[in-house]
Amino acid sequence: MEILERALKSIGELDNTAMQRARERLDNLTKPKGSLGALEDLAVKLAGISGKVFNDFRKKTVIIMAGDHGVADEGVSAYPKEVTPQMVVNFLSGGAAINVLARHEGAEIICVDIGVASDVDHPGLLVRKVKKGTDNIAKGPAMSREEAIKAIEVGVVTAWESIDKGSDLIATGDMGIGNTTPSSAILAAFSGKPLEEIVGRGTGIDDLRLQKKLNAIRKALEVNKPDPEDPIGVLAKVGGLEIAGIAGVILGAASRRVPVIIDGLISTAGALIASKIDPRSINFMIASHVSEEPGHKVMLELLGLKPMIFMRMRLGEGTGAVLAMNLVEAAAKIIKEMATFEEAGVSKEEI
Ligand SMILES: O=C(O)c1ccc[n+]([C@@H]2O[C@H](COP(=O)([O-])O)[C@@H](O)[C@H]2O)c1
Ligand SMILES: Cc1cc2nc[nH]c2cc1C
């Protein structure tokens, strides 16, 4: 708890003066006021986060949290559990979608085993296993409260270490067969929305598995009775180890005023937990894309975040978040590199 408390103590507000200065500069650049839309809002947010109008990113990092799920035994995924460690090996060998996109964006990948059921032996893996997969949430809690806190703290420390090594733009990613089930359960606990509206097909399940998934979430909520006023309790009861780790990465980045780009459904479930632990953490989050999972849009609305990319993606791994790094860098360059009306000798608006 000491690490989490330390992180929470350092989370501050956005720097309003820097944001105002950023808005003024944007209004003086050679374009009609506001014409770069969300790109301008992003430049203003970056100023609020760093306290500086000009930002550039030297080291971009995606942190992938990997964990397994006892609830996979209920037949809620289209793929077997073994895929979790197999994909971890794929991340470390460079063959996954996230490797391609991270290379494309010039980002580094950190992969953390925070709760994979089997052990992966690879020198590139950060082994910070809190538990060998969660217990089946349809039958009882995913993990103990102590384990949930420990997993959040793994995320905090991983973010801090990466920032200490120079990371100044962080993206969140996940890997875990079955993890759209706890992510949807977390959303149900916080939103109270009917499951039919928020539960999707994850890796691509058929109608039969969708019914099993809905039943498993219904049972998880009945058996565990998560209290939306107790976010760590929600996480321990119906969450996942990688979701906890992602919440920790977000709180860790926020505590160091480093922008953190949120990926799809699972990462945003982590963001919801972080936001309920400390709402100020939302200030440091940047939404990337909106996933095909129906619950993702609802999560982003709850957080009050607007996604920038609509590409029908539903992969996880941090893929949407890493794609958005390009837009974050573009926003930072616009405010820094564009000429003002005065510099370019362009006439300003008449009214
Ligand atoms: O990020 C998303 O929005 C997303 C949506 C659907 C599936 N996934 C990925 O697919 C896996 C979970 O799907 P499932 O069907 O096993 O619950 C897990 O490894 C996630 O990274 C990710
Ligand atoms: C192959 C595969 C890759 C993934 N990456 C994230 N979730 C995944 C699920 C599967 C099944």
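**Sheet, domains and ligand shells of the predicted model**

Strand 4 (residues 169-175) and strand 5 (residues 260-262) run parallel and are joined by 2 bridges; helices (H or I, at least four residues) and strands (E, at least two) are DSSP runs numbered from the N terminus, and two strands pair if DSSP finds at least two bridges between them. Within this pair, Ile170 stands opposite Val260 of strand 5. The model is predicted, so local features need pLDDT of at least 70 and side-chain atom pairs count only at pLDDT 80 or more, while totals for chains, interfaces and linings use all residues. Residues are numbered from 1 along each chain as its sequence is written, and chains are lettered from A and ligands numbered from 1 in the order in which they are written.

Strand 1 is joined to strand 2 by 8 bridges, and the two run parallel; Gly67 has Gly115 as its bridge partner in strand 2. Strand 1 also pairs with strand 4 in the parallel sense, over 7 bridges, and here the partner of Lys60 is Leu169. Since 8 of the 8 residues of strand 1 are buried, the strand is largely enclosed by the rest of the structure. A residue is buried if 20 or more other C-beta atoms, placed from the backbone, lie within 10 Å of its own, exposed if 12 or fewer, and partly exposed in between. Both faces are covered, with Lys60, Val62, Ile64 and Ala66 on one side and Thr61, Ile63, Met65 and Gly67 on the other.

The protein is divided into domain 1 (2-55 + 335-344) and domain 2 (60-329), with bounds from an automatic or database domain assignment. Their centres, taken over C-alpha atoms, are separated by 28 Å. In all, 15 residues of domain 1 are in contact with 20 residues of domain 2 (C-beta atoms, placed from the backbone, within 7 Å). Helix 3 (37-50) gives the most to the domain 1 side, with 6 residues.

Around ligand 2 stand Tyr79, Val83, Met87, Met175, Thr203, Leu315, Gly316 and Glu317.

Glu317 also has a positive phi, near 70 degrees, although not a glycine. Glu317 lies in the loop between helix 13 and helix 14 and is buried, with 28 other C-beta atoms within 10 Å. Arg312, in the loop between helix 13 (294-303) and helix 14, has a positive phi of about 55 degrees but is exposed, with 8 other C-beta atoms within 10 Å.

Methods:
A residue is near a molecule or strand if its C-beta atom, placed from the backbone, lies within 6 Å of it. Two residues are in contact if their C-beta atoms, placed from the backbone, lie within 7 Å.
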